[in-house]
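Dear colleague,

Please find below the sequence and the structure that I am handing over to you. My notes on the findings follow directly after them.

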Amino acid sequence: MQKSGKSVMAWNVFKFCTALRALGSIMIVLVLGIIGVTYYVIVVANYGPALFNGGLDSFVAFLVLVFFHSLLVMLLWSYFATVLADPGGVPPHWRPSIDEESGDADPLVGLAHEGTDLDLNQLATLGEQANPQIRVCRKCNQFKPPRCHHCSVCGRCILKMDHHCVWVVNCVGALNYKYFLLFLFYTFLLTTLVTLSLLRLFIAFFTDGVIDGTPGTLVATFVTFVLNLSFALSIMGFLVMHISLVLGNTTTIEAFEKKTNPKWRYDLGRRKNFEQVFGVDKRCWFIPAYSEEDLECMPVLQGFDYPTRPDLDELQQF
């Protein structure tokens with residue numbers, strides 16, 4: 001009975017990962033559907049027509065529409081950049097460099113640079129005994145760069161993996177973490193703007209105020225307000241959490257692993273920690289892209305090499 005239970009559990013985990021992969025296109029349609037309903041309520045049903053009312057109403061409607069469309073463009077740009085960008089995978093037959101490890105005396109590094117093909121058992125044994133800082137993925141049967149983790153949903157190792165997000169149908173890793181944070185940022189701003197813009201109409205639902213529009217439009221307005229308020233509140237907490245992670249130069253997985261250990265070897269100070277995600281070029285901080293200068297001068301943006309604190313280099317990396 002016990003053996004049967006273990007096999008069922010393994011089957012359930014596999015089905016769960018398969019279900020998350022199949023959920024991808026549905027989540028994209030859901031996101032676009034919510035944006036479409038919101039666009040209809042804000043632009044078509046309410047503030048678009050208000051442009052022709054004249055006076056203060058027209059001015060307020062103009063401001064709302066300008067900010068709404070600006071934030072919407074940035075949200076969609078950041079969202080599809082996160083969805084379409086490769087979060088960063090480990091190249092086939094990747095080997096750790098001698099500079100990262102203990103030198104030629106390390107037998108694991110020696111084998112790696114000789115191009116020796118190792119099976120899973122050899123990799124695991126050498127990784128644990130010869131050099132504990134060299135990590136091996138038992139599922140991919142290959143070396144793992146620093147801060148790399150295996151994603152069961154994607155079925156591969158992801159560089160500086162933060163988590164697998166069903167909303168963006170992708171892993172969030174070294175190469176798209178900035179895009180994901182900007183997606184959260186612009187989503188929070190847009191949902192907050194929509195919530196404040198519809199607050200007057202929402203209050204009118206429960207008062208004696210007169211609301212223009214068909215029953216279908218009123219229902220859509222009510223649902224849009226509730227959805228955007230819910231997203232604004234939930235994303236605010238999520239955004240605050242990720243800002244703290246960025247300033248500490250850690251990921252969601254690493255924060256869970258190191259738990260209460262205050263000494264984190266990758267914490268170089270808030271400014272440098274921020275630049276390792278957003279780059280040095282301030283002109284690109286708020287767009288889902290990097291400048292050519294940052295890509296050429298900051299190897300950390302490629303997801304393989306991460307500077308560490310000299311006073312903590314002796315600590316074993318996670």
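Leaving aside neighbours within four places in sequence, L268 is in contact (heavy atoms within 4.5 Å) with N273, Q276, P307, T308 and R309. Please note that this is a predicted model, in which local features need pLDDT of at least 70 and side-chain atom pairs count only at pLDDT 80 or more, while totals for chains, interfaces and linings use all residues. Residues are numbered from 1 along each chain as its sequence is written, and side-chain values use heavy atoms, with hydrogens and water left out.

L268 is placed in the loop between α8 (252-258) and α9. Helices here are DSSP runs of H or I with at least four residues, strands are runs of E with at least two, and both are numbered from the N terminus. L268 counts as partly exposed because its relative accessibility is 25%; buried means under 20% relative accessible area, exposed over 50%, and partly exposed in between, with a 1.4 Å probe and protein chains only.

In α9, the residues N273, E275, Q276, V277 and F278 are buried. The cover over the buried residues of α9 includes α6, α7 and α10 (292-297). Just after α9, G279 takes a positive phi of about 85°.

**The protein as a whole**

The protein has 10 helices and six strands. Of its 318 residues, 42% count as buried. Among contacts with a separation of 6 or more, 61% are accounted for by residues 24 or more positions apart.

Two packed helices are described by the angle between their axes and the distance between the axes. In this model, axes are lines fitted to C-alpha atoms, for helices over the stretch in contact, and angles run from 0 to 180 degrees between N-to-C directions.

Helix α3 (residues 55-84) packs with helix α6 (residues 177-205) at an angle of about 150°, and their axes are 8 Å apart. α3 is therefore roughly antiparallel to α6; angles over 145 degrees count as roughly antiparallel, under 35 as roughly parallel, 65 to 115 as roughly perpendicular and the rest as oblique. The crossing of α3 and α6 is left-handed, a term for a near helix turned anticlockwise from the far one by less than a right angle, with clockwise being right-handed.

Among the residues of α3 in this contact are V64, F67, F68 and L75, and those they meet in α6 include F180, F183, Y186 and T187. By class, the contact of α3 with α6 has 18 nonpolar, four polar and no charged residues. Here Ala, Val, Leu, Ile, Met, Phe, Trp, Tyr, Cys and Pro count as nonpolar, Asp, Glu, Lys and Arg as charged, and the others, Gly among them, as polar.

T187 lies in helix α6 and counts as buried because its relative accessibility is 9%. Beyond its neighbours within four places in sequence, T187 is in contact with L75 and I235.

The axes of α6 and α7 come within 7 Å and cross at roughly 145°. α6 passes α7 in a left-handed crossing, and the residues of this contact divide into 25 nonpolar, eight polar and no charged.

**Nonpolar cores**

A nonpolar core is a set of buried Ala, Val, Leu, Ile, Met, Phe, Trp, Tyr and Cys residues joined through side-chain atoms within 4.5 Å. In the largest one, of 41 residues, I42, F68, Y177 and F180 touch the most other members. The elements giving two or more residues to this core are α2 (24-50), α3, α6, α7 (215-247) and α9 (270-278). With 12 residues, α6 gives the most to this core. Another core lies apart from it and has 20 residues, among them A81, V136, C148 and Y290.

F180 is in contact with T82, H163, C165, V168, V172, F238 and H242, leaving aside neighbours within four places in sequence.

Most residues other than glycine have a negative phi. N141 has a positive phi of about 60° although it is not a glycine. N141 is found in the loop between β1 (135-137) and β2 (142-144), and is partly exposed, with a relative accessible area of 34%.

K160 also is a residue other than glycine with a positive phi, near 45°. K160 is found in the loop between β4 (156-158) and β5 (163-165), and is buried, with a relative accessible area of 7%.

With kind regards
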